[in-house]
Structure formats: structure tokens, C-alpha cells
Amino acid sequence: MRRFAALAVIACPLLAAAAEPGVSRELARARAAQISSLRYRLEITLTPGAALMPGREQIRFRLAAAGPVTLDFRDGVIRSVVVNGSPATDASQHNGHLEIPARYLRKGENTVALEFESTIATAGRPLTRYIDRDDSSEYVYTLFVPMDASQAFPCFDQPDLKGRFTLHVTAPESWTVISNTAPGKSEPGRTVFAETLPISTYLVAFAAGPFRRVGGDLGLYVRQSKLQRAQEEAPEVLKITSDGMKFLADFFGRPFPFPKYDQVLLPGFAYGGMEHAGATFLREEAVLFRTVPTRSDKLGRASLLLHELTHQWFGDLVTMRWFDDLWLKEGFADYMAYRTLAALEPPEEIWKRFYQSHKPGAYAIDATKGTTPIYQEVRNLADAKSAYGAIVYAKAPGLLRQLSFMLGEDAFRDGLRLYLKQHAYGNAEWADLIGSLKLASGSKLGDWANAWIRRRGMPQVDTDWACDEQGRIERLALRQKDVLNEGGVWPIQTQILLGYGNAPPAILRARLEGAQTVVAEARGKPCPAYVFANAGDYGYGRFTLDAKSRQAVMDQLSSVADPFLRTLLWGALWDAVREAELAPADYIALALKLLPAESDEALTQSLLGRVTTAYERYLPDARRTAIAPALEALCVERMINASELGMRITWYRAFRNLASTADGRGRLKSLLAGQLVIPGLEIKALDRWLMLTQLIAESDPDAGALLAAESQRDSTDDGRKYAYVAAAARADAAVKRRYFDDYLHNPAIAEDWVAQSLGAFNALNQTALTLPYLRPALDALPQVKRERKIFFLLGWLNAFIGGQTSSEALQQVRDFLATAKLDPDVERKVLEVVDELERTVRIRAKWPS
């Protein structure tokens, strides 16, 4: 094995920028100014069981001026480099770069030929091997976002150097290989793919193994052991994809932008999906349900499929120039997924779901000291992981809905069409999008964009109203304040609802540009029972209920016929709980009173989730013990007697998570034994494992024997993973030690096994056992960020900090923040997550009994 000799330091801006690991913005700008007309020809060999992937590559590009060139290649081995026909034996490989001296290069056309080797591993690498224990099959797949293509092959690994890729793959004849384009002229054991249109390196992908194809023009690929399950689900999956493609092509005024579209289902995939151009990879479990699905589950799957499909236009056709504009693809993909779904399903139901799945999570983070603006400065692509999170995925879509409301749907659509037309197969920045929308609408959007895109946090919008003696509104004003007390003021357009009990509500449109506005249109209208300032959910922020309105809502909520409005009002009451203005016991009592009559499945699911949070986190132990029997009994009664199967499943899942008393645990065991039956519900393998996990966490005396029996009963790949997850819930110090060591030091444990076991490890009834791991978990944050995928760090923090409820734990986190030297991204994430622990301590202190 030979590495190239170190190159002497040359006074060159491009080489100076390349001296640091990752891809700095300076290096990216220098390369983008010099390099164009990129073409890659990749030839790789995949051998079953091999830890290395050998490859040959030819990169062709034009240089604006002669000079040195820096390629990116991390962790692999370069065997040879030939530049324009000359061996470049003094090219140097260090800090994740391959630097080619200027004497080999020329202005205009250049060709670099390389031979290299890259690493394939079962976890923690962009080239991942998966062994299916069900039939001993092997699969290899890629995941390069945000800058990991350079761990697989030498390249210019930045989003604004798009290239055309031709891929040749040598693999066993029994394997099927899927990539961005369709196979061209191939032969047994060798697949040659057609050249791609211009795409960024992070969008290049391939998956190989004994996949089976389901579907017609739109391909759905699945590992062979799951073929039957895929055949059952494929008609619905492919119909959603096909209908979504037609809608999006019409809405954007552009046909599907790539020659073909496949969806590949991968077990244990790190994300829900990844939108490679022409070949989306999806987490198998998100598409092939492991339990009987509710309608909410199916809508969630549909939104995932449409999110990744939208990316083919927003993200692949037009790609952000740099990852500080990540929201240009992720925010739009999520907003347009729901806009598409609203064209395919009843729109009121879809926009209600949009609120439930986006706004509460975004509001919770935007109220923390760890929140960020939507636009986040990313100095180096090595830090691009920091841009991912609820602000991009939840806040940005909410603001896009507000923007469509402000501009009008036609102007908004026309602006998007203009943006896609101007930047097709290229790159853009957020200012380009705002410019297109401004041209289409004639509206000035600079102030709006600066406030909402560049400023962190959000407003709290309060109402102040009074009525005269004749029962007419005398005054109605809206006031906003910055929840972070940083002086922010946001332009807001919203709808105000005047609630009248049994009479239809009145809706007023309002604009709030400064700290306060008087709603003149309200004067003289009949005095309402309550006022809610975000009807229809077009605004973004914490829209509070004043004390009079809050009480009226609690009194009248059962008579609110509109499920969307009920959902929004319940959300406002939950905000009051989190702000320590409404006692959690009162919220639980109201929910338990009204839930039996609630007919909306998604709202029932949301309410049960909040009841569980309040019950487990906010109530004192004595109060929780007192209401546990009644809560469990209600769940059991509803899971047996609710009229709709989806509602029975929803109540069953809540019971499965809450059962703690001897009677509740006994009913779980009866479900496992088949002695208790929920009408219409087949208890699947995952249901059994989740019930077992709860029994283990509650230290049920039969849990050990049941775990052993279930492990023998279910020896599938999924079963092995679920057994690992369940055992993490054991209330045993030695078990906790072994698992924590696994998390940090055992690379053989797949990342999805670790991620799914963190919650069980940190069961809320075991805080005394897990508190000793809080500080070590915090100390490990640099390692976690370095070694794990994008979303893992937040999952780690939410498990270890979120698994605590005490002031002692809070003090540990504060001490850590005061003494640890953290990079800004990690510090922000700790501040974001500890906010819930601070609220828990504050709420418990205010209502100790």
C-alpha cells in the first residue's frame, strides 16, 4: 500500500482553504469560480462480505484558469492518480483532500483518472452493508448527505458543483443494482447506468443486492425476504406516488425532472427517506408497517412519500448553493407534501394534521435558548449536520403556509414556477426564491424574509378585548412579544376567531406589523365567549388564550363541532400547561372527561400523547399513583369498545405505554397470551415486543421469562433488534452499564438498534438508575456528533436529558454547560433539549400536590 508524498505548502488561496478538514466555504467558493462542465465516470466492484470497495474513476472538468485543484476523499486509499495523461506521483492526500499540483493542469478541459479503495461497514459509514438474517442475503447501499460522497469516491463534494455521473457496477449476477438512472447496455455481473443529468454529489446513490421489484413504470424495490409484504402495500404506495407526481408536475409547471423514479426500501435506514435524484431510498419500517396501521399512520406514510417526491424538484432539480439554505429543500418538501396531500384527501383533515405534526414541535424549540434562525450560517460542510432539525423541518413549512396565505395561492404558485424555471439543474439561494415570489406577486418581501428567515425565535401573540354594556365589542387588540426577550418583532397575518358557544363563530383577518395593533373591524360585533387569534393556523407563534377565553374554551370545548378548531384550541390549552399557567392535573381531568366522546382519531392520538407527557413528567408521584387505575381503565374500555378500529388501536397504543399497575400489567400479559382480544386488531410481532418492553420497564415479575420466550418465538432480524431494545429497559445497574458501553464502544451494534433502545434505557420510572449516566452521556457529545448520523445527536440528548425530571438532573446539565468547551452547535442542542427539563422542574414546583 502506497500513499503519496506530502506536498510542500504553496501560497495558493485554493490550497490554503483546503488545509482544514471538511469543505470550507472558502474552498467551495474558490472551486465553484474555477471549475465547470463536470463529468464523472465511476467503475466500482462490490464483492459479498468484502470490507473494501475498489474503484476506478475518471473526472473531466474545465478550469477557468490554470492552477492547483483540490479533490475531496476521506478515509479511503488512493492507489494512483493520472492527470491529463501524466502520473501525478506527488499529489498529496491529507485532511480528507487530494491536492493536485498546478503543473499537471491547464486552462480549459482536464481529465483526472484515479484508482481507489473505500470502506464498507455494517454501521457508521456512507457505504453500508446489511445482512438479512432471515435468508442470509447481503445488501449494500449508500447515504452521502451532507458531504459523505467523498468517503466513497474522490469528488468535488459540495452542492454547487453539479456533475453528470456515469456509473459501472460489477457485482454478483444474482444481485440487482439500482442507481440514479436506468441501466443501459449491461452484461451478467456488470451493470452500466446511463449518464445522469447534472446533480450534486450528495444526491448520487446506488443500492445492490437480491432486491425484488414491485410495480410498473414506477419501481418499488424491496429485499427478497419482504417481497410478500411489499406486494400487499405496493398498490397504495405506488398510487400515492403516481397521483402526487401528476399534481406536482402541474403545480410546478414542469414535468418530472429526471428520466425515471424508483423507491428503494432499506431496513434500518438512518432517515425516513433520502431523495436521491431518480432513486429515493426509504426506511423499510416507514413503508411496510410492522403493526396494524391507523389512518393517521397511512397519512404519515403518504406525507413521507410525497416529501421525498417533492425533493425531485425542490432539492434535486434546483439545489441550494450551500447548506445554510437547507430549508429551501426541506421546508418546501414538507409544505408541498401536505399541499399535495390536501389535493388528494379532504383538505381540512390534512391541514389539521399539518398543524399537529409541525407547529407544536417547532414552537417548543423556538421557545428555547438553543433555537436558531431558519437560515443558519454553515462555515464548513463538516458542520452541516447542525442545520438539520425541527426549525428547518417544522417551522419553515409553517412559514411557507403563512407566505402562501399572505400572497395568495396563485401568486405563490407562479413564484415557485419562475424560481424552478430560472434555476433548473442548477443552484440557488433563499434570496433567489424571495426574488421570484416578489416578481410574481408584486409584494415587497424583504422585511418579511429578514424577520422570519434570519431572526431566531418567535412571537407570543396575546389578545386584549372588552365589551360594552350593550354586549358589543368595545375594543380588540393584538399584542406581540418576543418569547426569548431579544426584542424581535415579526410581521404577522392571521385570522381571529370570535367564539359564540352554540352560535357560529365570526372570522376576522388581521395584520400585525408592530408590537400592537387594534382590530378595528371587531368593534361593534357581538361580545364573544372567547377569542382565538390563529383560526385556520395561518400564523406562526404562540397564540395565547386570555384568562376569560381559556375558561370559556374549557367549558365549551365539547360543543365545538369543527375538529380543526378543536385541535387548535386544545393546542392553546397545552401551551398554557407548558407555560405553568394551567395545572397539568386540570388538563388531564378535562381530557379524560372529553376523550370518550372524541370522534377524531388524530386529535385523540394527540391528546393521549399529551396526557401521557403530563402524567409521566409533570404530576407528582402521589397524584400519578392516584389516577393510574382510572386512566388505565379508560384506555382498556375504549380499546375494546370504541366503534372504529383506528380509535381502538389508538387507545390500545396509549394503554401499552401507560400500563403500570398490577392490573394494567396483567391485561398486557393477557393480550400477549391471546386471552384478551381487541376486536378487529391482530397483535403483530412489534406489538408484542413493545408490550414486553413496558413490562420489563415496570419490573413485572414475569417479564424475564416472557422476554426469553419471545426471543425464541421471534428470531427474525426484526426480532433480534426488538429484543435488544426491550432488554435495555431492565431496571438493573449491570444492564445499564453494558448498554452504555455498547452505545459508545461497540461498532458492531447497528445505529438504528442503538437509537431505538435509548428510550427504553432511559425509562422515566428508572431515573435513579439512569441519572449516573447523564453526565457521561453529555461528556460523550463530541464523539456522538462525530460518529453518528445527522439526527442521532438530538435523539441522544432527548433520551438522556429527557429521561430525567429532577432539579438534581437539571443542575448537572447546567454545570456541564458552565464548564464544558462545546462547539456552538452542540451547545445550542443541549440548550434546546434542557428546556423541557426546566419546564418539568418549574411545573412540578408550582403544583407539588
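Student: Which backbone atom does the side chain of serine 24 reach, and at what distance?

Tutor: A polar contact is a pair of N or O atoms within 3.5 Å; within protein, one must be able to donate a hydrogen and the other to accept it, and residues adjacent in sequence count only if both atoms are side-chain atoms. Here the side chain of serine 24 reaches the backbone nitrogen of leucine 27 at 3.1 Å. Please note that this is a predicted model, in which local features need pLDDT of at least 70 and side-chain atom pairs count only at pLDDT 80 or more, while totals for chains, interfaces and linings use all residues. Residues are numbered from 1 along each chain as its sequence is written, and side-chain values use heavy atoms, with hydrogens and water left out.

Student: Where is serine 24 found, and is serine 24 buried or exposed?

Tutor: Helices (H or I, at least four residues) and strands (E, at least two) are DSSP runs, numbered from the N terminus. Serine 24 is found in the loop between helix 1 (13-18) and helix 2 (25-34). A residue is buried under 20% relative accessible area, exposed over 50%, and partly exposed in between (1.4 Å probe, protein chains only). Serine 24 has a relative accessibility of 1% and therefore counts as buried.

Student: How is the pairing of strands read, and in which sense do strand 1 and strand 2 run?

Tutor: Two strands pair if DSSP finds at least two bridges between them. Strand 1 (residues 35-45) and strand 2 (residues 52-63) run antiparallel and are joined by 8 bridges.

Student: Which way does strand 11 run relative to strand 1?

Tutor: Strand 11 (residues 163-170) runs parallel to strand 1, again with 8 bridges. In this pairing, glutamate 43 has histidine 168 of strand 11 opposite.

Student: How many residues of strand 17 are buried, and which way do they point?

Tutor: In strand 17 (residues 262-266), 5 of the 5 residues are buried. Asp262, Val264 and Leu266 point one way, while Gln263 and Leu265 point the other way.

Student: Which strands pair with strand 17?

Tutor: Strand 16 (residues 219-223) pairs with strand 17 in the parallel sense over 3 bridges, and leucine 220 stands opposite glutamine 263. Strand 19 (residues 279-283) also runs parallel to strand 17, with 5 bridges; there, alanine 279 is the bridge partner of aspartate 262.

Student: What is the handedness of the unit made by strand 16, helix 3 and strand 17?

Tutor: A crossover is right-handed if, with the strands pointing away from the viewer, the path from the first strand over the helix to the second runs clockwise. In this model, strand 16, helix 3 (residues 227-252) and strand 17 form a left-handed β-α-β unit.

Student: How is the length of a helix judged, and what does helix 10 reach?

Tutor: The expected span is 1.5 Å times one less than the number of residues. Helix 10 (residues 430-441) has 12 residues and reaches 17 Å from its first C-alpha to its last, close to the expected 16 Å. Just after helix 10, glycine 442 has a positive phi of about 75°.

Student: Which residues of helix 10 are buried, and why do they line one face?

Tutor: The buried residues are Trp430, Leu433, Ile434, Ser436 and Leu437. They fall within an arc of 160° seen down the axis of helix 10, so they line one face of the helix; the arc is that of the directions from the helix axis to the C-beta atoms. These residues pack (contact means heavy atoms within 4.5 Å) against helix 6 (327-344), helix 8 (390-407), helix 9 (409-423) and helix 11 (446-454).

Student: Which residues does lysine 395 touch?

Tutor: Lysine 395 lies in helix 8 and is buried, with a relative accessible area of 0%. Not counting residues up to four places away in sequence, lysine 395 touches several residues, including Asp366, Trp452, Gly457 and Tyr540. A polar atom of the lysine 395 side chain lies 2.8 Å from the backbone oxygen of glycine 457.

Student: Why is helix 21 described as largely enclosed?

Tutor: Helix 21 (residues 717-727) has 10 of its 11 residues buried, so it is largely enclosed by the rest of the structure. Among them are Asp717, Lys721 and Tyr724.
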